[in-house]
Amino acid sequence: MSGSVSGRVSSVAAAADPVGATPERARCLVVTACYPAFLRDWYGAHPGLEGQTYAAQLASLVGSLFGDADFTSAALERAGFAAEDLIYNCPALQSAWARENGSPATDPVAVLVEQVRRAAPDVLYLYELGVATRPFLEAVRPSVGLIAGQIASPMPAETWLPGFDLLFSSFPHFVRRFRQAGLTAYEQPLAFDPRVAARVAGEERTLGATFVGGLSPLHARRGEVLARVAGKTALDLWGYGAHTLPADSPLRSRHHGEAWGLEMFRVLARSRITLNVHIDAAECCANNLRLFEATGCGALLVTEEAPNLPDLFEPGREVVTYRDPEECAATVRYYLEHPREAETIARAGQERTLREHTYIRRFARTADVLR
């Protein structure tokens, strides 16, 4: 690929005829980041990976199915773009690129600047807005046709919003605030990649009620809901941040460690019921990845009532809702005792996600906006 960073395109996308492809496809770099704890665990579980080529390391990280993996780039490929993935905050990965490309840069962000400059993409699509400081955006601006950002988490203080041409968010209130500030912004719900469902299709539902996700001061309400459920019924938990729990929390004895990428999806695929409690920054809107990951893996999703939830799922038929921690605990108990009802709703939720909430459908629209 002329002007590419790595020469890599999604294997799934490359195997299919891109929709609307043209001889000269617009080029897009999709920039993501991985949790440092995941990188530590992944490289620890794969000795020698840090010494492999850039392409091998990138393929390994994408193959883990952590975070966005290649879901966005594959969807953009299907929509007619030539898309590549960059994981900017992995020191071993970025060092490998610098070695192979004769770059003197040593800091991962400095390497990213060089990657963007050499690729000179038509679109720079940033999932990680923490890197989008004014110095970074000004450094890459001459090499980029369009700078877009996507956010579904608290806004980093260092992000320089005037440096973006387009912003996307699954938070309706963020979109309103961006527009009020004179920025071009679009609401874009998150999504699920059906390839994941195929990877976990053979898992047996041996788990009752679960929660898989983060526990931190940014999830204050989440801790309250989970503690109430754990006090009323069996609940198993996986995810990061368990060390932030109070010493006497009932969740500590139910926590089974971190579950990243494919392992997280396997837990969801083994769950009859899984809970969802949004981050506090969501401000009562239904928007997070767990909505689609849980339903996509076929678990019954129990999530908060939200004014925009009916736009995504039909409550009571495709997902189940609750209004407070006590109702959440009672709801979980009920569906554990009525597994056939739970399975019927879970199946409908999965069908809705695989039909409407996929990356390919989301980014068909996004591709039109980018064009």
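Select residues 36-45, helix α2, and residues 54-63, helix α3: their axes come within 12 Å and cross at roughly 115°. That angle makes α2 roughly perpendicular to α3, a label covering 65 to 115 degrees (under 35 is roughly parallel, over 145 roughly antiparallel, the rest oblique). Helices here are DSSP runs of H or I with at least four residues, numbered from the N terminus. Axes are lines fitted to C-alpha atoms over the stretch in contact, with angles running from 0 to 180 degrees between N-to-C directions.

This is a predicted model, in which local features need pLDDT of at least 70 and side-chain atom pairs pLDDT 80 or more, while totals for chains, interfaces and linings use all residues. Residues count from 1 along each chain as its sequence is written, and side-chain values use heavy atoms, without hydrogens and water.

Stay on the first pair. Contact means heavy atoms within 4.5 Å. Nonpolar covers Ala, Val, Leu, Ile, Met, Phe, Trp, Tyr, Cys and Pro; charged covers Asp, Glu, Lys and Arg; the others, Gly among them, are polar.

Next, select helix α4 (residues 71-78) and helix α15 (residues 359-370). Their axes come within 8 Å and cross at roughly 65°. This crossing is right-handed. From α4, pick Phe71, Thr72, Ala75, Leu76 and Arg78; from α15, pick Tyr359, Ile360, Phe363, Ala367 and Leu370. Eight of these contact residues are nonpolar, one is polar and one is charged.

Now the cysteines. A disulfide is taken as two cysteine sulfur atoms within 2.5 Å, and the count is zero. Go to Cys90: its closest cysteine sulfur, in Cys34, is 6.9 Å away, too far for a bond. Cys297 is in no disulfide either; its nearest cysteine sulfur, also that of Cys34, is 19 Å off.

Are Cys90 and Cys297 buried or exposed? Cys90 is buried at 2% relative accessibility, and Cys297 is buried at 3%. Buried means under 20% relative accessible area, exposed over 50%, partly exposed in between (1.4 Å probe, protein chains only).

Finish at Arg352, in helix α14 (residues 339-356). Arg352 is buried too, at 12%. Beyond neighbours within four places in sequence, Arg352 contacts Asp311, Leu312, Phe313, Glu314, Glu318 and His357.

Note on methods:
Helices (H or I, at least four residues) and strands (E, at least two) are DSSP runs, numbered from the N terminus. A crossing is left-handed if the near helix is turned anticlockwise from the far one by less than a right angle, and right-handed if clockwise.
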